[in-house]
Amino acid sequence: MGKGAKINYNFDNHTEDEFYKAVVLIYKVLMINIGIFTDTSMDLVAFKKAITLFDDARTAPYYDGIGADISAARTAVQTIVTTNGTWFNNFCAGAITLLNKTGYPLAKESEAQKKLDATVLTLSIQKINGTIGFLISHIPVKSIKYGIMYTLTSNTEADPSKWVQFFYAAGQRDGIIANLKSKAEYKFSSFAMGTDRDLTYSEPAIITPQ
């Protein structure tokens, strides 16, 4: 990778453990090299605090709503990583020597992917009426995103790709879907999105929100 190199700041496909290790590495490397990046708005104190809150959330004993708390804490860290990653890319202007001093991984050039495997979707009832929690299994492929199709079970269409009424773009593999009809039965199907347009949907999961 030569001129025009960039760092990768999208860690959506990382497991919680992989994500934690990646952001800790960024923090440690920047603690050494932050003085190189003049005019950066990177606040390492705030970054370290956000990482600590995420680690506390992901390692806490299970309780109702822990998935949402982990997701919120991870999003806070990812927001810092993304905002500053964009700045570092502009500042470094493709210079690999500088990019390596950020602690971020170098972005790989896009590669064609084969059709991705099916995910496994796990749902949970939440305390707030009309909401459900979700967890999508990890697909070990770089630079992919996840989505969820859903509809009422009264819809007899068996093909999730045709559930055009509802679609949820999952920024992370776990989170909360809101604004559902209380006491109505829904069916959900998740999928991973890569470069191949042929999507593989999970087995439908059925749940009735409070």
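Predicted model: local features only at pLDDT ≥ 70, side-chain atom pairs only at ≥ 80, totals over all residues.
Residues are numbered from 1 along each chain as its sequence is written, and side-chain values use heavy atoms, with hydrogens and water left out.

**Stop one: helix H1.** Select residues 16-33; helices here are DSSP runs of H or I, at least four residues, numbered from the N terminus. Now colour the buried ones (under 20% relative accessible area, 1.4 Å probe, protein chains only): Phe19, Ala22, Val23, Val24, Ile26, Tyr27, Val29, Leu30 and Asn33. They pack against H2 (44-58) and H3 (66-92).

**Stop two: histidine 14.** Step back to the segment before H1. Histidine 14 is buried, at 11% relative accessible area. Leaving out residues up to four places away in sequence, its contacts (heavy atoms within 4.5 Å) are Phe19, Ala22, Arg74, Lys142 and Arg173.

**Last stop: the cavity.** Select Lys115, Leu116, Asp117, Ala192, Gly194, Asp196, Asp198, Leu199 and Thr200, which line the largest cavity. A cavity is a set of points on a 1 Å grid over the protein atoms alone where a 1.4 Å probe fits but cannot get out, and lining residues have an atom within 4 Å of a point. About 40 Å³ of space lies inside, the volume being that filled by probe spheres set on the points.

Key: Helix = DSSP H or I, 4+ residues; strand = E, 2+ residues; numbered from the N terminus. Expected span 1.5 Å × (residues − 1). Buried < 20%, exposed > 50% of the residue type's maximum accessible area, 1.4 Å probe, protein only. 1 Å grid on protein atoms, 1.4 Å probe; cavity = no way out; pocket = protein on both sides within 12 Å on 5 of 7 lines; lining within 4 Å.
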